[in-house]
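Student: Could you take me through this structure by question and answer, giving the criterion behind each term as it comes up?

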Amino acid sequence: MEQYEAWKVLLRAGEATGWQEFYVKFYQAFIDGNRWKQYLNGVGTTLLVTAMALAIGIILGILVAMIRTAHDQQRPGKHNPVLGVLNGLSQVYVTVIRGTPMMVQLLIMGFVIFSSSRNYTMVGALTLGINSGAYVSEIIRGGLMALDPGQAEAGRSLGLNYVDTMRFIVIPQAFKAILPALGNEFIILLKDTSLITVIGGKELVYAAQAIYGRTYEQMFPLIGIACIYLLLVMIFSWLLSILERRLRQSDRR
């Protein structure tokens, strides 16, 4: 601490060496005032928002994918009008969400739809989940449509209804095929949490902004959170690769 204070004086006087300048700026960004705790809190919020958005996205994605798949797989001449309406709404949802920028969606949700709310982090999680649901639905729908139609027909011949056929036969097989794409979507979602700062969400970028707003030194806080994001992505990519290997091993047995 004494060394930091002494070198800080030298830095202000313009007499510090390169190492002394590096040490002072690093200390200010991560250690002074227990600022590392702000990064840690930001990581916790980032992971929480990612988990909530992923859950919302998967639920919406499965519902939309099942509706659109059921509509597309109707027998010629037999069209359910309710399913047609739901399919139309699903198409509008996917088109609008995929056709507008994430940033704009966050601003609309934060400052228009939920303008009276002060829980910006949860608003951000909801927005990310709704956004992710559109992409997840297309991933799942692609996996479902790629399966042999005979799988579903076999389930129906066993007396299973549509929901049970999808639940016990089709979706488990499709999951293995779409896991890499879902993993990529999860990683994108993790990084997209950084955008909720624009509406006041308190995650990693918010922590970095708060710190360099006090130290007037942007390099270390920003490089620090970039390294944290990279580490998180590497960890989750490793976990996904383990899951994929285990699923492949189960197929061989």
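Tutor: Ala 146 lies in helix α6, where helices are DSSP runs of H or I with at least four residues, numbered from the N terminus. The model is a predicted one, in which local features need pLDDT of at least 70 and side-chain atom pairs count only at pLDDT 80 or more, while totals for chains, interfaces and linings use all residues. Residues are numbered from 1 along each chain as its sequence is written, and side-chain values use heavy atoms, with hydrogens and water left out.

Student: Is Ala 146 buried or exposed?

Tutor: The classes rest on relative accessible area with a 1.4 Å probe and protein chains only: buried is under 20%, exposed is over 50%, and partly exposed lies in between. Ala 146 has a relative accessibility of 64%, and therefore it counts as exposed.

Student: At which residue does α6 bend?

Tutor: Helix α6 covers residues 120-146 and reaches 39 Å from its first C-alpha to its last, close to the 39 Å expected at 1.5 Å a residue, the expected span being 1.5 Å times one less than the number of residues. A bend is the angle between axes fitted to the seven residues ending at a residue and the seven starting there. By that criterion α6 bends by about 25 degrees, and the residue concerned is Gly 133.

Student: Which residues are joined with Glu 138 into one salt-bridge network?

Tutor: A salt bridge is a side-chain nitrogen of Lys or Arg within 4 Å of a carboxyl oxygen of Asp or Glu, and Glu 138 forms one with Arg 98 (3.7 Å, N to O). Because Arg 98 lies in helix α4 (residues 81-99) and Glu 138 in helix α6, this pair ties together parts that are 40 residues apart in sequence. Glu 138 also forms a salt bridge with Arg 141, the closest N and O atoms being 3.3 Å apart. Through shared partners, the residues joined with Glu 138 into one network are Arg 68, Arg 98 and Arg 141.

How values were computed: Helix = DSSP H or I, 4+ residues; strand = E, 2+ residues; numbered from the N terminus.
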